[in-house]
Amino acid sequence: MAEMTYRDALNRALDEEMKRDERVFLIGEEVGEYDGAYKVSRGLLAKYGPKRVRDTPISELGFTGLGVGAALAGLRPVVEWMTHNFALLALDQVVNNAAKMRQMSGGQLSVPIVFRGPNGPAEYLAAQHSQSFAAYWMHVPGLLVVAPATPADAYGLLKSAIRNDNPVVVLEAELMYSWKGEVPDQEFLIPIGKARVAREGSDLTLISFSKPVRLAEQAAEKLAEKGISAEVIDLRSLRPLDEETLAASVRKTHRAVVIDEAWPMASVGATVSHLIMSRCFDVLDAPVEFVSGEDVPMPYNHRLELAAQPSVEKVLKAAGRVLYREDLSNG
Amino acid sequence: MKSEVIAYPKDELLSMLRTMQRIRMFEEKAGMMYGQRKIGGFCHLYTGQEAVAAGAISVLDLTKDYVLTAYRDHGHAIACGMDPKKAMAELFGKVTGCSRGKGGSMHFFDASRHFLGGNGIVGAQIPVATGVAFAQQYQGSDGVTLCFFGDGAFHQGALHESFNLARIWNLPIVYIVENNQWGMGTSWKKVSAVHDFSRTAEAYGMAGYACEGMDVLEVRRIVDMAVAEARKGNPSLIEARTYRYKGHSMSDPQKYRTREEIDAYRARDAIALFRAFLEKEGILDESAWRQIEEDTAREMDEAVRFAEESPEPALLELYADIIV
């Protein structure tokens, strides 16, 4: 078992899948000569050459759509968006083409493609470069969406995404690329559609995905110091969503706090909160709490940008509310 | 029409004429069925433009070549060899349709004939077609992709991004803008900075050709040349100047153009022109033409009957074919 960064785990997955299957190629801005804007593709150009590691012009709509066409004609593209912020320029290609070709053609076509890159708030990047678009992708039937929170999951889920015959969106994060974690040396896959119980507990369930899973784990530590046992569920896959694992946990703890770093309206967190409410209403001992990003564009100022995001303190307060513990919610 | 281009075998010439007539008859039937409310939603007829799809697609080998187009797609599907029964059943929303009743008029697909739609967002099929050509190059096939779109798509960013990608990577693709002169109700001249689309190719280092789209032999000749170049890694743009006789879709009152304009184009109808040419060259006679008319009329009657008699999709089909 090696300790590895999230970035290197993704790199290892890409490398292994490119070696395994000639049809797999990587395309995007700066993926080749520059070794990746965030160094996820480091060394791949040298190893696989420019045919399979393709630097593009700054042309998200063009190269994303090109990826869709290449997938229709038998290849397995991995499209890197330098960040999900720029993916909006390609939104039409993902929503109207990648996700719908199979259905519109009556099942004749499939689009085995991966769209990946960093998503969510970063640091000091201001409004246009620091935001989560998880809900944009999760909203769309015909897409699969994964959001790994650890290096091992990043590795195993990216491999599964590349082998999947559907379009899969992978949500990474700038600030996670340098995170370290244990990744087994043996090759393995993480199935798409299965949540992870990141920490077992019995008093309440903290539910999140991607970067804020770490916040949930830190909050669980703090709660443990006060004798409260929090379970942490890492959704990992947003579509399909593992409702069974989610519901089983809340049925055990009777209390839930959902954490999502996106804006609150029409968000992943809002949907998850609704699902808990409808599936677990009879066992809930408190209304589901939702800790989201603030409903504002991200400011540049560091104090303000931190205030705009979920924090351990915000999670502890929400936990206090579902536990009816004023000492936590005021503390 | 110039007789020096008659380098094509007689059966190929007759086959092009037949394809044009089949498209015309299919569209006329579709218009009638729409009037009878057998077909709903948007239905964009190809009448008037038949020479473009019939001439261009006749060049291809669809075991290795691909075709993509926009939502005015019935003609291209038929030119690729789609059975009109499946096409009409699709318009009727039946499970026997080419897309099992899920796509309708704008989303015809026939994967076995390399016809990849039938795409509804203006210009959005252009990057996709470019990707198909990318795959052909990657796989080392010598196939090419024909990418059709209308004048309305010409100013979409998707087009310009694609032209650039095709040239920097030398992709085997031919872009064909079917300039039917009206983007819905907007004159192409009103919204185009340069009134010669073929010149745009120059900005991307590609060859650009202007072509009389009502002349099937000229379409064929130019596409032949462009396809041969594309197989060598030289993408190009062809502007086929054509005209649609019907409205943008079935619901278009056409207040933006005059009866005289339509009549002027009908006077040089692509099918009538080609037919007269073949008769003059002694390739077609009156009885042979009558036979084509009868065959196509019967074929389209059968297509309507097939569509009428076909079953609706079962309700559970709603959830089918979304995820593999």
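Reader: How do α1(B) and α2(B) lie to each other, oblique or parallel?

Author: Two packed helices are described by the angle between their axes and the distance between the axes. This is a predicted model, where local features need pLDDT of at least 70, side-chain atom pairs count only at pLDDT 80 or more, and totals for chains, interfaces and linings use all residues. Residues are numbered from 1 along each chain as its sequence is written, and chains are lettered from A in the order in which they are written. The axes (lines fitted to C-alpha atoms over the stretch in contact, with angles from 0 to 180 degrees between N-to-C directions) of α1 (residues 10–35) and α2 (residues 50–57) of chain B come within 9 Å and cross at roughly 140°. α1(B) and α2(B) are therefore oblique to each other; angles under 35 degrees count as roughly parallel, over 145 as roughly antiparallel, 65 to 115 as roughly perpendicular and the rest as oblique. Helices (H or I, at least four residues) and strands (E, at least two) are DSSP runs, numbered from the N terminus.

Reader: Which strands form the open sheet of chain B, and in what order?

Author: Strands of a sheet pair through backbone hydrogen bonds, either parallel or antiparallel. Here six strands run in the order β2-β1-β3-β4-β8-β7 (chain B), with parallel pairing; two strands pair if DSSP finds at least two bridges between them. β2 (115–118) and β7 (207–212) of chain B stand at the edges, each with a single partner strand, so one side of each has no neighbour in the sheet. The twist averages 15° from one strand to the next.

Reader: How many bridges join β3(B) and β4(B)?

Author: Six, in the parallel sense, between residues 145–150 and residues 173–179. Thr145(B) has Ile173(B) as its bridge partner in β4(B).
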